[in-house]
Amino acid sequence: MNREKIKDIMQSQGILPQVRFGQNFLCDDKIITSIVDLCEVSGNDRVLEIGPGLGSLTYPLSELTGNLTCVEIDHGLAEYLSANISNAKIIDSDFTKIGDIGDFDVVVSNIPYYVMTDIMKKLFSDFSNARKMVFMVEYEAVARIDCGPETKQYGPLSILCSLYGSYRYEFKVPHTAFVPQPRTTSAVISFSREDTADILCPEFVKFLNTCFSMRRKMLKKNLAAAASSEVIDAAFKTVGIKDNARAEELEPEEFSRLYSEINNK
Ligand code: SAM
């Protein structure tokens with residue numbers, strides 16, 4: 001999908017990019033091929049794409065599997081894709097509000113940046129069985145994803161990313177690779193699932209949000225409403241967390257163990 005093709009589709013279909021939905025369409029064939037290759041789709045893998053837009057990634061993915069599902073918030077784009085891609089299921093919906101749509105082996109998204117955190121949190125809670133996830137994100141957001149304890153950016157999102165599995169920064173994408181061009185540079189990143197992802201579920205995400213609800217407070221204070229003080233004291237002792245620890249001091253695995261202890265899992 002190159003610049004001319006994207007412009008052609010927009011003109012012939014009367015489509016104007018919606019800023020409120022973060023619509024910047026990828027128009028560089030080399031980058032598109034690299035992203036699709038990173039997905040390592042094989043056989044009849046069940047693939048989920050969030051925000052297919054005009055189909056830059058969707059068309060090549062639909063040639064690799066007959067099990068491609070795409071979720072698109074923009075009715076006009078969802079309608080256009082349904083009419084033009086025969087080999088994919090297009091769900092016309094806001095992904096952050098979607099219910100059960102099944103399980104997937106591979107997840108890919110050129111993520112609309114305005115809603116990146118919500119989309120990734122939902123993926124790592126509801127779709128964490130996938131073996132591979134490949135994302136395009138705003139370059140500046142990489143620091144929020146790939147960071148450890150005691151840093152300003154450390155929080156629920158980076159902990160979920162770390163527990164899901166191994167992370168790789170793949171490559172930078174210049175703003176010239178899109179129509180219309182965003183102001184910022186982008187980056188492609190990927191994750192491969194590991195067993196530490198077994199803990200990931202909506203309740204665990206809620207637990208993390210509670211742990212970080214007041215960053216500067218002691219973790220025990222934040223958790224006060226989540227369980228009795230006896231249960232919390234015992235769990236801190238078993239995991240080896242000091243009484244006055246703040247959430248930002250704990251390693252991702254310590255959150256995993258603390259959650260299991262508190263919830264008897
Ligand atoms: N995948 C296409 C590409 O690479 O050219 C489009 C990427 S564009 C950055 C983001 C896409 O996500 C747009 O098509 C936008 O309408 C869609 N989108 C935005 N918010 C969404 C949401 N909450 N749920 C589903 N799709 C969403």
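Trainee: With which side chain does the side chain of glutamate 170 make a polar contact?
Mentor: Please keep in mind that this is a predicted model. In it, the side chain of glutamate 170 makes a polar contact with the side chain of serine 190, at 2.6 Å.

Trainee: Is glutamate 170 buried or exposed?
Mentor: Glutamate 170 counts as buried, because its relative accessibility is 18% and the cut-off for buried is under 20%.

Trainee: Let us turn to the ligand. Which residues come nearest to the ligand?
Mentor: There are 21 residues around the ligand, and those that come nearest are Leu26, Gly51, Glu72, Asp94 and Tyr114.

Trainee: How do the residues of that shell divide into nonpolar, polar and charged?
Mentor: The shell around the ligand has 10 nonpolar, 8 polar and 3 charged residues.

Trainee: Which strands each supply at least two residues of the shell?
Mentor: Strands β1 (25-26) and β3 (68-72) each supply at least two.

Trainee: What lies 3.4 Å from a nitrogen atom of the ligand?
Mentor: That is a polar side-chain atom of glutamate 49. For glycine 53, a backbone N or O atom lies 3.3 Å from an oxygen atom of the ligand. For serine 56, a polar side-chain atom lies 3.5 Å from an oxygen atom of the ligand.

Trainee: How much of the ligand does the protein bury?
Mentor: The ligand taken alone exposes 600 Å², and the protein buries 99% of that. The space that the ligand takes is the largest pocket.

Trainee: A change of topic: the backbone. Which two residues does a cis peptide bond join?
Mentor: The cis peptide bond joins valine 179 and proline 180, with omega at about -15°. Proline 180 lies in the loop between β8 (178-179) and β9 (186-193).

Trainee: What is the phi of glutamate 40?
Mentor: Glutamate 40 has a positive phi of about 45°, although it is not a glycine. Its place is the loop between α2 (29-38) and β2 (47-50). Glutamate 40 counts as exposed because its relative accessibility is 52%, and the cut-off for exposed is over 50%.

Trainee: And what about the phi of glutamate 150?
Mentor: Glutamate 150 is a residue other than glycine with a positive phi, near 65°. This glutamate is in the loop between α6 (142-145) and α7 (156-164). With a relative accessible area of 54%, glutamate 150 is exposed.

Trainee: You mentioned α7. Why is α7 described as largely enclosed by the rest of the structure?
Mentor: The reason is that 8 of the 9 residues of α7 are buried. Those buried residues are Pro156, Leu157, Ser158, Ile159, Leu160, Cys161, Leu163 and Tyr164.

Trainee: Now some distances, please. What separates the C-alpha atoms of lysine 97 and lysine 122?
Mentor: They are separated by 9.3 Å, and the two residues are 25 residues apart along the chain. Lysine 97 lies in the loop between β4 (88-92) and β5 (106-110). At 68% relative accessibility, lysine 97 counts as exposed.

Notes
Residues numbered from 1 in each chain as written. Predicted model: local features only at pLDDT ≥ 70, side-chain atom pairs only at ≥ 80, totals over all residues. Heavy atoms only, no water. Near = heavy atom within 4 Å. Polar contact = N/O pair within 3.5 Å; in protein donor to acceptor, adjacent residues only side chain to side chain. Areas by Shrake-Rupley, 256 points an atom, 1.4 Å probe, with all protein chains shown as cover. 1 Å grid on protein atoms, 1.4 Å probe; cavity = no way out; pocket = protein on both sides within 12 Å on 5 of 7 lines; lining within 4 Å. Sits in = over half its atoms within 2 Å of the grid points. Helix = DSSP H or I, 4+ residues; strand = E, 2+ residues; numbered from the N terminus. Nonpolar A, V, L, I, M, F, W, Y, C, P; charged D, E, K, R; others polar. Buried < 20%, exposed > 50% of the residue type's maximum accessible area, 1.4 Å probe, protein only.
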